[in-house]
Amino acid sequence: MDCNFDRRGLKIDNITKVLIALRFYASGNDQRVNGDTLGYSQASVSIVVKEVSVLQAKCGKKWIRFPSNLQDTKEQFYLIGEFPGVIGAIDCTHVPIKSPGGNNAEMYRNRKGWMPLNVQIVCGPKMQIFDIVCRWHGSN
């Protein structure tokens with residue numbers, strides 16, 4: 001990529017928006033770092049992450065759900081790692097937020113000194129999202 005290339009004013013397509021948001025969610029870096037890495041401004045990353053997050057929240061019930069056929073899910077997981085009886089893989093991450101302010105703001109400060117939401121995701125054997133919980137403050 002040309003060092004002098006500037007995307008200012010150019011439309012960001014939907015696939016790129018999703019990829020920018022996923023990169024932000026997964027990296028644990030701030031928006032400026034993700035923007036620099038991907039060639040977008042911090043402001044653009046902020047707008048995109050908010051837009052994608054709002055759409056995920058609105059459409060979540062349609063796409064995020066636990067499977068109805070647990071036996072099939074167990075078999076698929078068994079084919080991956082030969083571990084019997086698995087119906088989901090779970091992990092958590094800290095997603096950075098601005099300080100919420102108020103009397104309880106420090107509850108959001110994690111052990112590394114910054115303020116996140118503690119987000120838990122359960123996924124399936126084919127990278128489906130079965131459940132998301134993002135209501136816990138970073139000190140949990």
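A salt bridge is counted where a side-chain nitrogen of Lys or Arg lies within 4 Å of a carboxyl oxygen of Asp or Glu. The structure is a predicted model, in which local features need pLDDT of at least 70, side-chain atom pairs count only at pLDDT 80 or more, and totals for chains, interfaces and linings use all residues. Residues are numbered from 1 along each chain as its sequence is written, and side-chain values use heavy atoms, with hydrogens and water left out.

Confidence comes first. The pLDDT, the predictor's confidence in each residue on a scale from 0 to 100, averages 83 over the protein chain, and 89% of the residues score at least 70. Helices are DSSP runs (H or I, at least four residues), numbered from the N terminus. Where pLDDT is low, the predicted coordinates should not be read in detail.

The whole structure holds 2 salt bridges. One of them joins the side chains of Glu51 and Lys17, with 3.1 Å from N to O. This pair links distant parts of the chain, since Glu51 belongs to helix H3 and Lys17 to helix H1, 34 residues apart. Burial is judged by relative accessible area (buried under 20%, exposed over 50%, partly exposed in between; 1.4 Å probe, protein chains only). Lys17 counts as buried because its relative accessibility is 13%, whereas Glu51, at 32%, counts as partly exposed. In the salt bridge between Arg109 and Glu106, the closest N and O atoms are 2.7 Å apart. Arg109 is partly exposed at 34%, and so is Glu106 at 49%.

Helices H1 and H3 also pack against each other, at an angle of about 95° and with their axes 9 Å apart. Axes are lines fitted to C-alpha atoms, for helices over the stretch in contact, and angles run from 0 to 180 degrees between N-to-C directions. H1 is therefore roughly perpendicular to H3, a label for angles of 65 to 115 degrees. Residues making the contact (heavy atoms within 4.5 Å) include Lys17, Ile20 and Phe24 of H1 and Val48, Glu51 and Gln56 of H3.

Leaving aside neighbours within four places in sequence, Val48 touches Ile12, Lys17, Ile20 and Ala21.

Terms used. Helix = DSSP H or I, 4+ residues; strand = E, 2+ residues; numbered from the N terminus. Parallel < 35°, antiparallel > 145°, perpendicular 65-115°, else oblique.
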